[in-house]
Amino acid sequence: MNKIFYALLTAVTFVSCAESYTIQGSTSVSALDGSKLYLKTMVNDEMKNLDSCDVVHGKFKFTGLLDTIKLANLYMDDEPLMMPIVIEQGDIEIHIDNASRTVTGSPLNEKLYEFMKRHDQLGNELAELSHKQSQMLLEGIDEDIINRKLSIEAARIAQQEDSLVTNFIVENFDNVLGPGVFMMVTGSYQYPILTPQIEDIMSKATKKFKADPYVKQYYQIANEIQARQNGLVEDVTPANAPANATPANENPDSTRNAR
């Protein structure tokens, strides 16, 4: 009898130590109504289903237990919806419409979507340059003058974007957002490379960030490839590049994945 009591007590204690999460969602996108949504997260270089639910009359809900905070992505069947979501304790809310997608209700999600909003603003500024170019041409401004002016503006926006991404990763080295956005930044590269931005990030990285499985594998392979390109080691078949957490750059982007 005592053995049964202690077994039950142990089970209850284990469950109580696990954090619970609740994700309430709403959408006005008619294509989502009646569909099945999935939360998927990276496990051993593969996307695995964490949870699923049906969209009924524009409403959906995920609930469950989680022993560690995870960065997941929202899918409709096998189609990524380009929505990273931090699965953490709290009452998380997702809203999807044709103009925007937001996740609120927990500290890391709100931090992530504030970053993504600013990243989108910079992307829109960059896209607006093509409209400026057309307008200036219509006004009869010399094309060389236009190109010089817009090149300066494009360089300014690119520098702001690099600083935004780098600072965000550095500020979040030791939670899931740092490695997650690093994965988004590197997701569109054909193979791991060492850009000045990545070198800057890694020069500041904490031990925990460097130990993240994706970051560790990416950086190791990128260094090996660079060494071969520099003729420092014999060329051998490169190891497989780490898989992306956000398929098709789920996106928050190869820097632009966060969009």
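## Helix H5 against helix H7

In this predicted model, the axes of H5 and helix H7 (residues 213-229) cross at roughly 125° and come within 12 Å, where axes are lines fitted to C-alpha atoms, for helices over the stretch in contact, and angles run from 0 to 180 degrees between N-to-C directions. That angle makes H5 oblique to H7, given that angles under 35 degrees count as roughly parallel, over 145 as roughly antiparallel, 65 to 115 as roughly perpendicular and the rest as oblique. Helices (H or I, at least four residues) and strands (E, at least two) are taken as DSSP runs, numbered from the N terminus. H5 passes H7 in a left-handed crossing, a term used if the near helix is turned anticlockwise from the far one by less than a right angle, with right-handed used if clockwise.

On the H5 side the contact is made by Ile198, Glu199 and Met202, and on the H7 side by Val215, Tyr218, Tyr219 and Gln226, contact meaning heavy atoms within 4.5 Å. By class, this contact of H5 with H7 has five nonpolar residues, one polar and one charged; Ala, Val, Leu, Ile, Met, Phe, Trp, Tyr, Cys and Pro count as nonpolar, Asp, Glu, Lys and Arg as charged, and the others, Gly among them, as polar.

## Basis of the model

Residues are numbered from 1 along each chain as its sequence is written. Because the model is predicted, local features need pLDDT of at least 70 and side-chain atom pairs count only at pLDDT 80 or more, while totals for chains, interfaces and linings use all residues, and side-chain values use heavy atoms, with hydrogens and water left out.

## Helix H4 against helix H7

Helix H4 (residues 177-186) also packs with H7, the two axes coming within 9 Å and crossing at roughly 40°, so that H4 and H7 are oblique to each other. The crossing of H4 and H7 is left-handed. Pro179, Phe182, Met183 and Thr186 of H4 meet Tyr214, Val215 and Tyr218 of H7, and the residues of this contact divide into six nonpolar, one polar and no charged.

## Helix H3 against helix H5

Helix H3 (residues 143-171) packs with helix H5 (residues 196-204) at an angle of about 25°, with their axes 10 Å apart, and the two helices are therefore roughly parallel to each other. The crossing of H3 and H5 is right-handed. H3 contributes Asp162, Val165, Thr166, Ile169 and Val170 to the contact, and H5 contributes Gln197, Asp200, Ile201 and Lys204. By class, the contact of H3 with H5 has four nonpolar, two polar and three charged residues.

Two of the H5 residues named in that contact, Asp200 and Lys204, also form a salt bridge with each other, the closest N and O atoms being 3.4 Å apart. Both lie in helix H5, four residues apart, about one turn of the helix. Asp200 counts as partly exposed at 30% relative accessibility, and Lys204 is likewise partly exposed, with a relative accessible area of 42%; buried means under 20% relative accessible area, exposed over 50%, and partly exposed in between (1.4 Å probe, protein chains only).

## Other salt bridges

The structure holds seven salt bridges, each defined as a side-chain nitrogen of Lys or Arg within 4 Å of a carboxyl oxygen of Asp or Glu. One of them joins Lys36 to Asp54, with the closest N and O atoms 3.4 Å apart; Lys36 lies in strand E2 (residues 36-43) and Asp54 in strand E3 (residues 46-54), so the pair ties together parts that are 18 residues apart in sequence. Lys36 is partly exposed at a relative accessible area of 29%, and Asp54 is partly exposed at 44%.

Arg118 forms a salt bridge with Glu125, the closest N and O atoms being 3.9 Å apart. Arg118 is partly exposed, with a relative accessible area of 30%, and Glu125 is also partly exposed, at 30% relative accessibility. Lys132, Lys149 and Glu153 are linked in a network of salt bridges.

## Asp51 in strand E3

Strand E3 also holds Asp51, which is buried, with a relative accessible area of 17%. Not counting residues up to four places away in sequence, Asp51 touches Tyr21, Leu37, Tyr38, Leu39, Phe62 and Thr63. Asp51 and Thr41 are ten residues apart in sequence, and their C-alpha atoms are 9.6 Å apart in space.
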